[in-house]
Amino acid sequence: GAPVAPEQVWKHLSRLVAAPGRSRMRIWSPETQKFSDTAKRTDRLPTRPAAVYLYNHRRTHTLWLDFDTKRYGRSAVEADIAAATSWLTQCGGVVITDRSTSGGAHLLCPLAIGTSASLDEIVPLVRLLAARLPTLDITPNTNAETGCMTPPGSPCREGGHRRLDGDLDDAIEALTTRSR
């Protein structure tokens, strides 16, 4: 189908992917070149890149992987995301992916209903994945206080918006029924 407007993608997915109980989000600051400002997360698309928190009380409900083009380029990101998707789906996971205008990608794998993972469980997992996936940036996964990721639909630093791969209804379904 035709691409869905970023406003709709943000409205429907940002609350589903934010750590439960975290009502705020981090906003990109042009001055600091970091996500150093905060605001309340709403269903309205922010005007600057905005990132939701991964953890609440050191626990997460989503395995969220960040693949960067900086060192190895787009083709390496595509290879890594394909490998991670294959591994996770073989384990009963459902995945949602999106792309930034710079070619980076995020993979979100919602954990099973009624389950969560601690920071102490996620950190060794992402380290093991990073040993096999050279474009994986594990930094957001290793900080329980400020670790955050930009959801599909968010504005990108380079202009444009994060583009959801696939159908919005399928993404909502995956985030609602979650992984096995």
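# Exercises on Pockets, Pairs and Cores

The model is predicted, so local features need pLDDT of at least 70 and side-chain atom pairs count only at pLDDT 80 or more, while totals for chains, interfaces and linings use all residues. Residues are numbered from 1 along each chain as its sequence is written, and side-chain values use heavy atoms, with hydrogens and water left out.

## Exercise A: the cavity

Find the residues that line the largest cavity, and the element that gives the largest share of them.

Step one: know what to look for. On a 1 Å grid over the protein atoms alone, a cavity is a set of points where a 1.4 Å probe fits but cannot get out; a pocket is an open set with protein on both sides within 12 Å along at least five of seven lines; and lining residues have an atom within 4 Å of a point.

Step two: take the volume, which is the space filled by probe spheres set on the points, with grid points joined across faces, edges and corners. The structure holds one cavity of 30 Å³ or more, and the volume of the largest cavity is about 30 Å³.

Step three: list the lining. Leu54, Tyr55, Thr60, Thr62, Leu63, Trp64, Ile122 and Asn141 surround this space. Strand E5 gives the largest share, three residues. Helices (H or I, at least four residues) and strands (E, at least two) are DSSP runs, numbered from the N terminus.

Step four: look at one lining residue. Ile122 lies in helix H3. Its relative accessible area is 4%, so Ile122 is buried (buried means under 20% relative accessible area, exposed over 50%, partly exposed in between, with a 1.4 Å probe and protein chains only). Not counting residues up to four places away in sequence, Ile122 touches Tyr55, Thr60, Leu63, Ala117 and Asn141 (contact means heavy atoms within 4.5 Å). Ile122 and Thr60 are 62 residues apart along the chain, and their C-alpha atoms are separated by 8.6 Å.

Describe the largest pocket by its volume, its central residues and its classes.

Step one: the volume is about 740 Å³.

Step two: 31 residues line this pocket, and Phe35, Asp66, Asp68, Asp137 and Arg157 are the closest to its centre. Strands E1 (24-29), E2 (34-40), E5 (62-67), E7 (105-110) and E10 are the elements that each give two or more residues to the lining.

Step three: sorted by class, the lining has 11 nonpolar, 11 polar and nine charged residues.

Which residue forms a salt bridge with Arg99, and where do the two partners lie?

Step one: apply the rule. A salt bridge is a side-chain nitrogen of Lys or Arg within 4 Å of a carboxyl oxygen of Asp or Glu. This rule gives a count of 10 salt bridges.

Step two: find the partner. Arg99 pairs with Glu78, and their closest N and O atoms are 2.6 Å apart. Arg99 is in strand E6 (residues 96-99) and Glu78 in helix H2 (residues 74-90), 21 residues apart, so this pair links distant parts of the chain.

Arg99 counts as buried because its relative accessibility is 13%, whereas Glu78 is partly exposed at 35%.

Step four: widen the view. A network of salt bridges links Glu78, Arg99, Arg163 and Asp165. Asp98 and Arg162 also meet in a salt bridge (2.9 Å, N to O). Asp98 is in strand E6 and Arg162 in the loop between strands E10 (148-149) and E11 (163-164), so the pair ties together parts 64 residues apart in sequence. Both Asp98 and Arg162 are buried.

## Exercise D: the core

Which residues touch the most other members of the largest nonpolar core?

Step one: a nonpolar core is a set of buried Ala, Val, Leu, Ile, Met, Phe, Trp, Tyr and Cys residues joined through side-chain atoms within 4.5 Å.

Step two: Leu65, Phe67 and Leu107 touch the most other members of this 37-residue core. Helix H3 supplies its largest share, five residues.

Step three: leaving aside neighbours within four places in sequence, the contacts of Leu107 include Leu65, Phe67, Ile81 and Val95.

Conventions. Ala, Val, Leu, Ile, Met, Phe, Trp, Tyr, Cys and Pro count as nonpolar, Asp, Glu, Lys and Arg as charged, and the others, Gly among them, as polar.
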